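Welcome! Please take a look at the structure, and then read on.

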Amino acid sequence: MKRYPVHSAEILYGFFFLLYLVGSSLTHLENGAELSLWLMSFAIVLTAAVTLLPLAGVRWLQMAPQGSRTGFWAAMLLQGASWASFTWAMFLRLRRDLPPFHRLIILTTLLWAVWLLVFIYSRHASSAKRGKQR
């Protein structure tokens with residue numbers, strides 16, 4: 001069985017997810033306090049940078065294609081959905097409509113967790129399970 005090393009972008013995705021979790025937990029505890037909004041926004045922007053900068057030619061963030069391409073695109077679709085739900089949540093927070101804001105933050109957290117799991121699985125476990133590289 002061939003083992004693939006963990007890429008630096010995958011480590012950054014995990015770290016940014018933890019940063020987002022701290023912010024989302026604070027937002028539920030403090031009812032959308034400004035610090036929590038900054039933490040979550042910072043995590044979203046950094047994740048977007050790690051996703052989009054390789055398209056601009058940043059080599060150290062570029063990952064070699066491996067694993068399931070279908071899983072990769074499913075993960076990217078889920079990532080986009082998490083960004084959209086977060087954007088809508090921030091719009092609701094600006095309007096001070098807090099109950100839907102909290103529901104969308106929960107949805108964003110779940111979408112982000114699912115896309116991260118699908119992304120990692122499609123890159124590592126999926127290709128290791130079949131025993132061949134795609």
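Starting from the N terminus, the elements of this protein run α-α-α-α. The model is a predicted one, with four helices and zero strands. Along the principal axes, the C-alpha atoms fill a box of roughly 50 × 25 × 20 Å.

How do the helices sit against each other? Two packed helices are described by the angle between their axes and the distance between the axes. The table gives both values for two helix pairs.

| Helix pair | Angle between axes | Axis distance |
|---|---|---|
| α1 and α2 | roughly 160° | within 8 Å |
| α2 and α3 | about 150° | 12 Å |

Let's begin with α1 and α2, whose axes cross at roughly 160°. That angle makes α1 roughly antiparallel to α2. The crossing of this pair is left-handed. On the α1 side, the contact includes Ala 9, Leu 12, Tyr 13, Phe 16 and Leu 19. Among the partners on the α2 side are Leu 35, Leu 39, Phe 42, Leu 46 and Val 50. Sorted by class, the contact of α1 with α2 has 16 nonpolar and six polar residues, and no charged residues.

Next come α2, which covers residues 34-52, and α3, which covers residues 69-94. Their axes lie at an angle of about 150°, and α2 and α3 are therefore roughly antiparallel to each other. Here, too, is a left-handed crossing. Helix α2 brings Leu 37, Met 40, Ser 41, Ile 44, Thr 47, Ala 48 and Thr 51 to the contact, while α3 brings Met 76, Gln 79, Trp 83, Phe 86, Met 90 and Arg 93. By class, the contact of α2 with α3 has eight nonpolar residues, four polar ones and one charged residue.

Now for the open space in the model. What is the volume of the largest pocket? The value is about 320 Å³. Its lining is made up of 18 residues, and those nearest the centre of the pocket are Thr 51, Pro 54, Leu 55, Met 63 and Phe 72.

Which helix gives the most to the lining of the largest pocket? That is α3, with four residues. Each of α1 (8-29), α2, α3 and α4 (98-130) supplies at least two residues of this lining. By class, the lining of the largest pocket has 14 nonpolar, two polar and two charged residues.

Notes. Residues numbered from 1 in each chain as written. Predicted model: local features only at pLDDT ≥ 70, side-chain atom pairs only at ≥ 80, totals over all residues. Heavy atoms only, no water. Axes fitted to C-alpha atoms, helices over the stretch in contact; angles between N-to-C directions. Parallel < 35°, antiparallel > 145°, perpendicular 65-115°, else oblique. Left-handed = near helix turned anticlockwise from the far one by under 90°. Contact = heavy atoms within 4.5 Å. Nonpolar A, V, L, I, M, F, W, Y, C, P; charged D, E, K, R; others polar. 1 Å grid on protein atoms, 1.4 Å probe; cavity = no way out; pocket = protein on both sides within 12 Å on 5 of 7 lines; lining within 4 Å. Points joined across faces, edges and corners; volume = space filled by probe spheres on them.
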